[in-house]
Amino acid sequence: MGRFYALEKQPGIRVAAPPAPDRFAFLDAGTLRETLADYADARSTRVTLRIPSMHCLACVWLLENLFRMNPAIGPARVDFTRRTLTLSFDHNQLPFSGLVHLLTALGYEPDLNLGVLREDKTRGAPADRGLWLRIGTAGFAFGNIMLLSIPSYLGMKESELFRPFFGWLSLGLALPVLLFSASSYWRAAVLGVRRRMLTIDFPIAIGLAALFGQSAFDVATGTGVGYFDSFAGLVFFLLCGRWFQQKSFEWLSFDRDYRAYFPLSVTRLTATGAQAISITELKIGDRIRVRHGELVPADARLLSGTAQLDYSFVTGEAVPVERQPGNLLHAGGRQLGSAIELETIKETSRSYLASLWDHEAFRKPREFTLNNLTNRAGRWFTAAVLLLSLGAATWWFAYDAKLAPRVFTSILIVACPCALALAAPFALGAAVRLLARHHIYLKNTDALEALAHVDTVVLDKTGTLTRARPTANYTGESLTEAEWHAIRAVASQSTHPVSRAIAGPDSAIPQAPVANFTEIEGRGVRGIVDGTVVTIGSAKWIAENSRAPVTVPDGATGVTIDGQFRGYFNIVSELRTDVSRLVEALGKGRKIALFSGDQDTERSRYEGWLGPDADLRFSLKPTDKLEAVRSFQQGGRRVMMIGDGLNDAGALRQSDVGIAVTEQASSFSPASDVIMEADQVERLPKLLRFARYTITVVYVSFGLSLLYNVVGLTFAARGALSPMVSAILMPVSSFSVVAFALLATRAVAARTGWGTPRREVLA
Amino acid sequence: MSVLFLLILASLAVALLFLGAFWWSVRSGQFDDTSTPPLRMLSEEDHAGEELEKRKEL
């Protein structure tokens, strides 16, 4: 097993604490194992788990060699792109919960939430395979037809005997390409005409049809071998472009809904005791226990305990909501105090949270795809080409009617915007992959186009400019581990922002029971942990309450243990980045706005950073943010919104491009077009610049492909389009446009500061 | 020279066999994940497959 360290010099994962032994017990109950499994029989179960924390070659090796750790585990296979692990195990020897426990203890906790139950297991099966088959068929036909066309390239006269034979063979080889490989283009063309939604597939379909038609005519009438090699080659290159584009987007699944936030298990209280059940088995009337840090899974009535619920995810309110027994609690809130007991009154799927996600904003389809650069160019192109070919045909009709149809189809053939269709996918696809290596993940290439045209930047205060939680800096006598535990435990019982800052992140809060907890408004808190008396409070209150004289600066929060003063905390709302510099770089020619759900106590501070022209709005609810974005857009602005994706999901979706900032890429909001890791926020101006330059690269690629069209058209218009010319022109134009798009994008990336990343991720 | 007819048809037949093999390999799922095998290749020895085979024989 030492291979792991040989493979990875810097293993990056450290588990905070080994998982509690019964944490995964619910997985063994009921039929959950069978539901989650791909396949199960009497002796073994095969299951596919999503493991977001795998990030390197050593991870792959370790996960595939799990059988060395436990004999009940059989063959395992990792799909690194999708971050999944598929393995078989003997469930009689090792229960499912044991397997998950092992993985978690190693640092590879599987993503087990409600969304997993619904996940389409056949993702990647039919759709992608179809593309491979089409590419293979087209490539096969392309190569073989080219071989058969060699005599006509070389202009050999002796081929009189074989010309019809080769011609018909080429036709036969091109048929599957026409009917199978190119089928998506015919479908798009028919759909486009029927629904008046013309994409670039339409002129491509026209060009391909003309090419095949002309070639078939030539072969049937014995006047030549046609251009089947160009036909098959074009289809092949176009499909390769599509494959390349798809490759860029496999990593993150942007299709998540509220179910991805809910845990898979819930503690149900019955007459026989507490049992962990799957959230889907929760029925109306069940009594459940929700502990500190856990999510309320469904609308419920509070039975006992005091509920201190953090609804920031749902409503955007940073201040927790307190409820007493008898009150109604909405789903989605996170409990902050000690454990409470609830009675479910609604099922998980129809609760308040689901209705929030059902907001109109999420259901509105994005029209961008039809209106993007390539499709707009395609429409212009279609018009120009049809005009040109009709015009040329009419002109020739007057002079030499026999040549007119040939000229008509030749122009359609040569003017095929195939290189046009390749430029954008390759340039934008390369850009997206480049950014992914820097931990900025785009949903699709349209997001990149949108970034290039942004003229209004809306910043969400919390989580974007500042860290999601303020931090507490301690000054004073050193404290033991136990004393820190005690302080954090006491602080976590209170919902005051200062206490929450001292308590630290939810995951690190100790579960120690606190006795005699009291909170005095405006002063502080006191509690007893394991016999140790802890008081945390304002300078004045601490001074009144301690025996010896105390030095606590104004505004700081002091702490005493067993009556003895030990030190104080300074609460700092830490900024992620140098705000004024960021804003200055962003603001060149753009309007900046700041939205916040909090009160405007810090308005003057932000005004100083953002400048007088910025639009600062406070106390906004999530729907207010959405409306504000919409009103900007109605004023003709292109809005980019950046937030943490939790309570501003609607606004993110509404904006032209929504960026969700996250500390960890595996937990994020689905409403955004871009997901960015928090440490990249300061590079936003560079991102916008890169997007603009990439679009320029696409335009230049368009120009290059148009150049080829012009050259080819001069041949076609003279009636001199020989198979040789078209066979050369087609691959040369495709290759050079693609090569240019790829290389230019890399060059632009290096120029705008997106070269090789410092921290490499295998993406 | 007319034997070329036969030869070309024969070679096309062989080529079609290979196309058939490609189709079979795609439909049996060998192309579903093309990015993990390159990674797996980088660890030279200790192939999990060999170890498991040995285990099965025991």
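Two rings of Phe, Tyr or Trp, the last taken by its six-membered ring, form an aromatic pair if their centres lie within 6.5 Å. In this predicted model, A:Trp132, A:Trp243, B:Phe22 and B:Phe31 form one aromatic cluster.

Over all chains, the structure holds 22 aromatic pairs. One of them is formed by A:Trp132 and B:Phe31; their ring centres are 4.7 Å apart and the planes stand at 50°, so the pair is tilted. A:Trp132 belongs to helix H6 (residues 126–153) of chain A, while B:Phe31 is in the loop between helix H1 (3–27) and helix H2 (36–40) of chain B, so this pair joins two chains. A:Trp132 has a relative accessibility of 16% and therefore counts as buried. B:Phe31, with a relative accessible area of 24%, is partly exposed.

B:Asp32 forms a salt bridge with A:Arg129, with 2.7 Å between the closest N and O atoms. Because B:Asp32 lies in the loop between H1 and H2 of chain B and A:Arg129 in helix H6 of chain A, this pair too joins two chains. The relative accessible area of B:Asp32 is 25%, which means that B:Asp32 is partly exposed.

The structure holds 11 salt bridges over all chains.

| Salt bridge | N to O distance |
|---|---|
| B:Asp32 and A:Arg129 | 2.7 Å |
| A:Lys346 and A:Asp299 | 3.4 Å |
| A:Asp460 and A:Lys625 | 2.8 Å |

The side chains of A:Lys346 and A:Asp299 meet in a salt bridge. A:Lys346 is in the loop between strand S13 (340–344) and helix H11 (352–357), and A:Asp299 is in the loop between strand S7 (287–290) and strand S8 (300–304), so the pair ties together parts of chain A that are 47 residues apart in sequence. A:Lys346 is partly exposed at 35% relative accessibility, whereas A:Asp299 is buried at 4%.

A:Asp460 forms a salt bridge with A:Lys625. Since A:Asp460 lies in strand S15 and A:Lys625 in helix H23 (residues 622–634), the pair ties together parts of chain A that are 165 residues apart in sequence. A:Asp460 is buried at 2% relative accessibility, and A:Lys625 is buried at 3%.

A:Glu477, A:Glu483 and A:Arg566 are linked in a network of salt bridges. A:Glu483 is among the buried residues of helix H18 of chain A. Helix H18 (residues 481–492) has 12 residues and reaches 16 Å from its first C-alpha to its last, close to the 16 Å expected.

Strand S15 (residues 456–460) of chain A pairs with S24(A) in the parallel sense over four bridges. In this pairing, A:Thr456 has A:Val639 as its bridge partner. S24(A) is also joined by four bridges to strand S25 (residues 657–662) of chain A, and these two strands run parallel. Here A:Ile642 has A:Ile659 as its bridge partner.

Why is strand S24 of chain A largely enclosed by the rest of the structure? Five of the five residues of S24 (residues 639–643) are buried, so the strand is largely enclosed. Both faces are covered: A:Val639, A:Met641 and A:Gly643 are buried on one side, and A:Met640 and A:Ile642 are buried on the other.

## Charges over rings

The charged end of A:Arg83 sits over the ring of A:Phe80, 4.3 Å from the ring centre. The charged end of A:Arg683 sits over the ring of A:Trp754, 4.3 Å from the ring centre.

Notes
Residues are numbered from 1 along each chain as its sequence is written. Chains are lettered from A and ligands numbered from 1 in the order in which they are written. This is a predicted model: local features need pLDDT of at least 70, side-chain atom pairs count only at pLDDT 80 or more; totals for chains, interfaces and linings use all residues. Side-chain values use heavy atoms; hydrogens and water are left out. Buried means under 20% relative accessible area, exposed over 50%, partly exposed in between (1.4 Å probe, protein chains only). Two strands pair if DSSP finds at least two bridges between them. Rings of Phe, Tyr and Trp (its six-membered ring) pair if their centres lie within 6.5 Å; planes under 30 degrees apart count as stacked, over 60 as edge-to-face and the rest as tilted. A charge sits over a ring if NZ of Lys or CZ of Arg is within 6 Å of the ring centre and within 35 degrees of the ring normal. The expected span of a helix is 1.5 Å times one less than its number of residues. A salt bridge is a side-chain nitrogen of Lys or Arg within 4 Å of a carboxyl oxygen of Asp or Glu.
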